[in-house]
Amino acid sequence: MEELDKINEYFRSNKALWNDKTDVHIASDFYDNPSFLEGRNSLNEIELEYLDDIKDKKILHIQCHFGQDSISLARMGAKVVATDISDRAISEARRFNKICGTDVTFIETDTYRINQNVTEQFDIVFMSYGVTCWLPDIDKLAEQVYERLLPGGRVICVEFHPMLFTFDFDTDKISYGYYNAHVYEEDVEGTYAQNENQSVRGKEYFWQHSLEELSMPYINRGMRMSAFREFYYSPYNIFNSLREVEKGKYVYGDFPYPIPHIYLFEFVK
Ligand SMILES: C[S@@+](CC[C@H](N)C(=O)[O-])C[C@H]1O[C@@H](n2cnc3c(N)ncnc32)[C@H](O)[C@@H]1O
């Protein structure tokens with residue numbers, strides 16, 4: 001019980017920061033919202049390869065932020081329900097949904113309470129780029145995902161590779177564990193989209209997860225892995241620390257011997 005209280009406290013603190021980050025992100029070059037509103041698809045080649053047949057498919061998009069990817073999925077013909085803990089992000093997502101003329105259902109909920117707030121089942125559950133680090137226990141995430149998938153449905157997860165996140169990008173030293181040993185608490189100022197922004201300040205709580213921790217909860221539920229990929233680049237220049245080696249491909253460290261930056265997996269129920 002005490003542990004649950006502690007987790008709720010971490011989530012509350014993170015939610016306050018994500019609320020503050022939302023306005024900064026909407027105005028940032030990183031998210032380039034004007035071109036998105038004009039029709040740019042915010043999804044990347046990496047995930048689009050696995051989202052090629054989504055017309056009329058029901059998709060649950062977890063931790064959708066202010067909705068760019070959810071609306072992009074809807075523009076591709078999917079029927080989308082999207083969730084996030086940040087009320088500010090959800091209200092902005094709803095506003096952009098109206099502007100874009102799409103029909104996404106945005107729901108404010110923390111990921112561990114999705115099953116209390118969504119009853120529908122989906123062909124695809126999708127999550128990407130900065131989701132799992134905000135969750136202490138991946139088994140609890142997989143529990144939500146499994147319940148929400150139709151038989152034969154797929155979960156697609158595209159994420160920053162845990163190997164990349166062992167590095168402190170300021171000092172170039174390995175400073176974080178590869179395994180989920182404990183919560184990390186950091187005083188933050190600014191965000192990955194605008195490093196120095198003073199309006200985003202506070203305590204942030206996050207967790208590292210090994211590839212084993214990230215995948216076994218699905219395998220333990222009897223799901224079949226249908227894709228597993230590792231990419232030597234990130235499509236995002238996070239923290240402005242990466243170098244663009246080809247258009248839209250950013251790497252940390254000395255190309256051509258970099259570490260893995262992104263992984264993608266797909267499991268079928
Ligand atoms: C990096 S963003 C998601 C990535 C998305 N692809 C993007 O960049 O637009 C992380 C999102 O996770 C949400 N979040 C953080 N902790 C959460 C939790 N415990 N439950 C639900 N959402 C959470 C934040 O509010 C934020 O919108």
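1. Leu211 counts as partly exposed in this predicted model, because 17 C-beta neighbours lie inside 10 Å of its own, and that count falls between the 12 or fewer of an exposed residue and the 20 or more of a buried one. The residue belongs to helix α8. Leaving aside its neighbours within four places in sequence, Leu211 is in contact with Pro162 and Tyr263. Tyr178 stands 33 residues from Leu211 along the chain, and the C-alpha atoms of the two are separated by 9.0 Å.

2. The chain holds 8 helices and 13 strands. Its radius of gyration is 18 Å, close to the 18 Å that the globule rule gives for 269 residues, so the chain is as compact as a globular protein of that length. Along the principal axes, the C-alpha atoms fill a box of roughly 45 × 45 × 40 Å. Of the 269 residues, 35% are buried, and among the contacts between residues at least 6 apart in sequence, 71% join residues at least 24 apart.

3. An open sheet of 7 strands runs in the order β3-β2-β1-β4-β5-β13-β10, and its pairing is mixed. The edges are formed by β3 (105-108) and β10 (224-231), each of which has a single partner strand, so that one side of each is left without a neighbour in the sheet. Direction ignored, neighbouring strands of this sheet are turned by 15 degrees against each other on average.

4. Strands β1 and β4 run parallel and are joined by 3 bridges, with Leu60 having Val125 in β4 as its bridge partner. Strands β10 and β13 (residues 262-268), by contrast, run antiparallel and are joined by 7 bridges, and here Phe231 stands opposite Ile262 in β13. How many of the 8 residues of β10 are buried? The number is 0, so β10 lies largely in the open.

5. Helix α5 (residues 87-100) touches β2 (79-84) and β3, and its direction makes about 170 degrees with that of β3. Helix α7 touches β1, β4 and β5, and its direction makes about 140 degrees with that of β5. In α7, which spans residues 138-148, the buried residues are Ile138, Leu141, Ala142, Gln144, Val145, Tyr146 and Arg148. These buried residues pack against β1 (58-62), β4 (122-128) and β5 (149-160), and also against the helices α6 (114-117) and α8 (211-219).

6. Most residues other than glycine have a negative phi. Gln63, however, has a positive phi of about 60 degrees although it is not a glycine, and Asp172 likewise has a positive value, near 65 degrees. Gln63 is found in the loop between β1 and α4, whereas Asp172 is placed in the loop between β6 (167-168) and β7 (173-174). Are these two residues buried or exposed? Gln63 is buried, because 23 other C-beta atoms lie within 10 Å, while Asp172 is exposed, because it has 11 other C-beta atoms within 10 Å.

7. Pro235 lies in the loop between β10 and β11 (243-246). With 18 other C-beta atoms within 10 Å, Pro235 is partly exposed. Not counting residues up to four places away in sequence, Pro235 touches Asn44, Ile46 and Gly248. Pro235 and Arg75 are 160 residues apart in sequence, and their C-alpha atoms are 21 Å apart in space.

Terms used: Residues numbered from 1 in each chain as written. Predicted model: local features only at pLDDT ≥ 70, side-chain atom pairs only at ≥ 80, totals over all residues. Helix = DSSP H or I, 4+ residues; strand = E, 2+ residues; numbered from the N terminus. Contact = placed C-beta atoms within 7 Å. Pairing = 2+ DSSP bridges. Axes fitted to C-alpha atoms, helices over the stretch in contact; angles between N-to-C directions. Rg over C-alpha atoms; globule rule 2.2 N^0.38 Å.
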